[in-house]
Amino acid sequence: MAEIKAHEFDRFLPKAVDLYRIFLIYGPDRGLVSERAAEIAAKAGARLDDHFSYTRLDVSDLQGDPGRLVDEVNSLGLFGGSGLIWVKGSGPEKVMADGLQVLTSGPAPENRLIIEGGDLKKSGLLRKLCEQAKFAVAIPCYADDVRALNGLVDQELAAEGLRISSAGRERLLETLGGDRVASRNEIRKLALYCRGGSLVEEEHVLDIIGDASAISTDDAVDCVLKGDVAGLHRAINKIVTSKTPIFLVLQSCLKQFQLLDLMRAEIDEKRAAVPQVMQTMGRHIHFRRKPLFEKALSSWRADGLARETSRLQGAILQSRQKPALEDTVAFQTLLATALQSARANGR
């Protein structure tokens, strides 16, 4: 089966275009999907301004014309050599599946094909076709965990010759996650603000992100973890009034549940005690919030944490696909998760 793990991509990238001709890149993190598609296109040597060797399609371009994908991938370049077909956008899987089925059942095409998929199920036809074909590969893109975010912070700040203090890193990480492009842009904005210096401090992060935004975001996330529905209403009203993007709460909440999920797995697999796991994996959590995390770890089970993490990831994806509904999607999702927290806490 040609499927790589999410964390294997950096090691896979240098040899990707030599091994495969068709790339399906999918997952809830739309920013990461686009970023990895662009990296593969760059490795393929594609010049995006050369219309003779590069073709960009939207899924809507294939509706009513399933043979177009096959024709584009098998077309011969005017000046020879391999071309690149890059399909973006989202839509019903069948729009892509008919053409992809033809391509994967024949010999490897001369041109390369990159498909940006949505959050595809394991049983989805697109994933099955690419996982089973010898010259195709499926590449998952899930929301960055704490380790990946730390690496992203270090990479972007190092490019400007900057380091970041522990307090600054903790504050910055609270605003990141959920979408790779959005996270990278936030870090670059911070790096630009601190250009010429050597160390990024917490106050620099607060200058860029906004102190009121960070505080109200923390308050809302804490209410979700506690299952405090009334408190969540107040926190959300405060956020809306301050014109802070409610999307930041979704990002922060997702990051907290991903961390809880990792800590819960450590407890279940190694039979470790909650205080022990808090000491090893929760060292960066602010001391005022540690009792809340300890209670959540004692209350939540692994299946519940996985369910809520998936719910939050889906909400982030939906809010990006339908920006006009962002506030509604975010509030309904946070409320649903808060209610589950209240149930887990026995409130």
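The radius of gyration is taken over C-alpha atoms, and the globule rule sets it at 2.2 Å times the number of residues to the power 0.38. The model is predicted, so that local features need pLDDT of at least 70 and side-chain atom pairs count only at pLDDT 80 or more, while totals for chains, interfaces and linings use all residues. Residues are numbered from 1 along each chain as its sequence is written, and side-chain values use heavy atoms, leaving out hydrogens and water.

**Exercise 1.** Determine what the globule rule gives for the chain, and what radius of gyration the chain has.

*Solution.* For 347 residues the rule puts a compact globule near 20 Å. The chain has 22 Å, which agrees with that expectation. Along the principal axes, its C-alpha atoms fill a box of roughly 65 × 50 × 40 Å.

**Exercise 2.** Decide whether serine 165 is buried or exposed, and list the residues that it touches.

*Solution.* Buried means under 20% relative accessible area, exposed over 50%, and partly exposed in between (1.4 Å probe, protein chains only). Serine 165 has 14% relative accessibility and therefore counts as buried. Leaving aside residues up to four places away in sequence, serine 165 touches Leu199, Val200, Glu201 and Glu202, where contact means heavy atoms within 4.5 Å.
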